[in-house]
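This report covers selected helices, side-chain contacts and aromatic rings. Please keep the sequence and the 3D view at hand while reading.

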Amino acid sequence: MEAQKSARDEEFRAFAGGVWSRLYRSAYLLAGERHGAEDLVQQAMERAYVAWGRVRAADDPYAYVCRILINEHARRFRRRRPPEQLVTDVPDRPAPAGPDTEDRAALLAALGTLPPGQRQAVVLRYWEDLSETQTAAAMGCSVGTVKSQAARGLAKLRGVSSLSGLTNVGGGR
């Protein structure tokens, strides 16, 4: 019994180590700040550990955990309904200086103006590069909803003046 639990734990550790940074990037884009993103990923991984048998048996374990992450973000939004403000500067750790720092800040600010469904669709389709079907599965909605949410989100992003200098907003899909 103990050997099975140890093997299960080791398998989960290997999976978590392999997907953590990718989940964190998505969580950061959803939450808009580092601490919220870390909390989201931690909560998603806790739930994935508890349901590891189902996660492991899924066709795409990463998509399963991504769905958990999105549900955690939605739960957080439903519970408190705080006004979301994505910030560009984190006081305790400044962003590395570089030519794309301003572009990244503008994109984060623009993502913060999108409603949660549109933000999720845009992040999953164009940042995570998931297919419409994978995005629909992760969001728990139809492919049509993904298409409309992504299209509306991209239209809003294209209308943001601070993003006008960026090329390829929406990846041309």
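## His73

In this predicted model, His73 is buried, with a relative accessible area of 5%. The residue belongs to helix α4, which covers residues 61-80.

A polar atom of the His73 side chain lies 3.3 Å from the backbone oxygen of Leu30. Leu30 is itself among the buried residues of α1. Both residues count as buried because the cut-off is under 20% relative accessible area.

## Helix α1

Helix α1 runs over residues 2-31 and spans only 38 Å between its end C-alpha atoms. A straight helix of 30 residues would span 44 Å, at 1.5 Å a residue. Where does α1 bend? The bend is at Val19 and amounts to about 45°.

Val19 is also one of the buried residues of α1. Others on that list include Asp9, Phe12, Phe15, Ala16 and Leu23, as well as Ser26, Ala27, Tyr28, Leu29 and Ala31. After α1 comes Gly32, which has a positive phi, near 85°.

## Aromatic pairs around Phe12

How many aromatic pairs does a search of the whole structure find? The search finds four. One of them joins Phe12 and Tyr49 edge-to-face, at 5.2 Å centre to centre and with 70° between the planes. Phe12 lies in helix α1 and Tyr49 in helix α2 (residues 34-50), so this pair ties together parts that are 37 residues apart in sequence.

Trp52 counts as buried, at 2% relative accessibility. Ring pairs link Phe12, Tyr49 and Trp52, together with Phe15, into a cluster.

## Arginines over tyrosine rings

Which arginine lies over the face of Tyr62? Arg22 does, at 4.0 Å from the ring centre. A further case is Arg125, which lies over the face of Tyr126 at 5.4 Å from the ring centre. Each counts as a charge over a ring because the CZ of Arg has to be within 6 Å of the ring centre and within 35 degrees of the ring normal.

Definitions and conventions:
Residues are numbered from 1 along each chain as its sequence is written. This is a predicted model: local features need pLDDT of at least 70, side-chain atom pairs count only at pLDDT 80 or more; totals for chains, interfaces and linings use all residues. Side-chain values use heavy atoms; hydrogens and water are left out. Helices (H or I, at least four residues) and strands (E, at least two) are DSSP runs, numbered from the N terminus. The expected span of a helix is 1.5 Å times one less than its number of residues. The bend at a residue is the angle between axes fitted to the seven residues ending there and the seven starting there. Buried means under 20% relative accessible area, exposed over 50%, partly exposed in between (1.4 Å probe, protein chains only). A polar contact is a pair of N or O atoms within 3.5 Å; within protein, one must be able to donate a hydrogen and the other to accept it, and residues adjacent in sequence count only if both atoms are side-chain atoms. Rings of Phe, Tyr and Trp (its six-membered ring) pair if their centres lie within 6.5 Å; planes under 30 degrees apart count as stacked, over 60 as edge-to-face and the rest as tilted.
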